[in-house]
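User: I would like to go through this model with you and ask, for each label, what it rests on. Please set the values against the cut-offs as we go.

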Amino acid sequence: MTRGHSTGRNPAARLRGTAAGLLTAALAVAAHSIGSGAPPTGAVVAQLAVLAATVGALAATIARAADARVLLGLLAAGQLCGHLILSAVGHHHAAAPVPPAVVMLAAHSVAVGAGALLIAASERLCRAVSRAVRAAARIVAAPVAFAPVLVVGQSDQPLRSALLLAASMSHRGPPVSRYS
């Protein structure tokens with residue numbers, strides 16, 4: 001195990017990464033859809049997908065991301081990058097009546113904090129369930145004792161393959177001349 005990165009032995013790491021990536025994309029799309037009145041389209045969706053995959057991969061591979069504080073930082077950075085992506089392409093909050101910036105920042109903060117806590121708690125639950133299932137499978141899958149198989153080394157009867165080979169050979173040869 002390398003320092004700071006998981007090697008895939010944690011069954012919940014992929015789930016943590018998937019949840020972090022999906023939360024990043026869903027929260028960015030939902031917040032800006034409410035703010036502008038229309039969901040993002042086109043290349044912006046692809047950029048948000050890349051952002052979500054990056055946040056998800058980081059959350060899955062960084063071993064310390066199991067800590068809610070580290071996960072909170074990853075999710076907050078994902079929201080900041082999502083906001084910058086949406087703002088860079090002109091997805092502004094002017095088409096619909098929007099709440100003040102402080103209210104939006106508070107809503108993002110609460111959603112990211114709640115998401116980080118839920119993801120961290122679900123990871124702990126997943127690890128506990130995985131340990132219980134492994135322990136139960138170890139008990140159920142105990143090796144079954146079999147009687148040893150006896151192998152006979154020699155026999156007074158020839159093998160069937162030898163009998164078939166002997167039966168397929170012809171013992172007839174050319175005629176023998178009398179004067180040889």
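User: What makes aspartate 67 count as partly exposed?

Analyst: This is a predicted model, and in it aspartate 67 has a relative accessibility of 25%. Buried means under 20% and exposed means over 50%, so at 25% aspartate 67 counts as partly exposed.

User: Aspartate 67 has a partner in arginine 69; why is the pair called a salt bridge?

Analyst: The closest N and O atoms of arginine 69 and aspartate 67 are 2.8 Å apart. The cut-off for a salt bridge is a side-chain nitrogen of Lys or Arg within 4 Å of a carboxyl oxygen of Asp or Glu, and because 2.8 Å lies within that limit, the pair is called a salt bridge. In general terms, side chains of opposite charge can pair when their charged atoms come close.

User: And is arginine 69 itself buried or exposed?

Analyst: Arginine 69 has a relative accessibility of 65%, and it therefore counts as exposed, the limit for that label being over 50%.

User: How many salt bridges does the structure hold, and which residues are linked in a network of them?

Analyst: The structure holds 3 salt bridges, and Arg16, Glu123 and Arg127 are linked in a network. In one of the pairs, the side chains of arginine 16 and glutamate 123 meet with an N to O distance of 2.6 Å. That pair links distant parts of the chain, since arginine 16 is in helix H1 (residues 13-36) and glutamate 123 is in helix H4, 107 residues apart.

User: Why does the contact of arginine 127 with glutamate 123 still count as a salt bridge?

Analyst: The N to O distance between the side chains of arginine 127 and glutamate 123 is 3.9 Å; the limit is within 4 Å, so the contact counts as a salt bridge. Both residues lie in helix H4, where they are 4 residues apart, about one turn of the helix.

User: How do you know that the nonpolar surface patch can include valine 129?

Analyst: The patch is made by Leu125, Val129 and Val133 and has an area of about 280 Å². Patch residues must have over 30% relative accessible area; valine 129 has 45%, and is therefore partly exposed and above that limit. Valine 129 is found in helix H4 (residues 101-140).

User: Why is leucine 118 called exposed?

Analyst: Leucine 118 has a relative accessibility of 60%, and since exposed means over 50%, leucine 118 counts as exposed.

User: What lines the largest pocket, and how do its residues divide?

Analyst: The largest pocket has a volume of about 290 Å³, and the residues lining it include His32, Leu72, Gln79, Met104 and Val112. The lining divides into 7 nonpolar, 5 polar and no charged residues. Helix H3 (68-88) and H4 each supply at least two residues, and H4 gives the most, with 6.

User: Why do glutamine 79 and alanine 52 count as buried?

Analyst: Glutamine 79 has 8% relative accessibility and alanine 52 has a relative accessible area of 11%; buried means under 20%, so both count as buried. Glutamine 79 is in helix H3, with its C-alpha 9.9 Å from that of valine 55, 24 residues apart in sequence. Alanine 52 is in helix H2 (residues 43-61), and its C-alpha lies 9.4 Å from that of glycine 17, 35 residues apart in sequence.

User: Finally, how many helices and strands are there, and how much of the chain is buried?

Analyst: The chain has 5 helices and 0 strands, and of its 180 residues, 24% count as buried.

Technical notes. Residues numbered from 1 in each chain as written. Predicted model: local features only at pLDDT ≥ 70, side-chain atom pairs only at ≥ 80, totals over all residues. Heavy atoms only, no water. Patch = residues over 30% accessible without salt bridge, like charges linked within 9 Å, V, L, I, M, F, W, Y side chains within 5 Å. Areas by Shrake-Rupley, 256 points an atom, 1.4 Å probe, with all protein chains shown as cover. Buried < 20%, exposed > 50% of the residue type's maximum accessible area, 1.4 Å probe, protein only. 1 Å grid on protein atoms, 1.4 Å probe; cavity = no way out; pocket = protein on both sides within 12 Å on 5 of 7 lines; lining within 4 Å. Points joined across faces, edges and corners; volume = space filled by probe spheres on them. Nonpolar A, V, L, I, M, F, W, Y, C, P; charged D, E, K, R; others polar.
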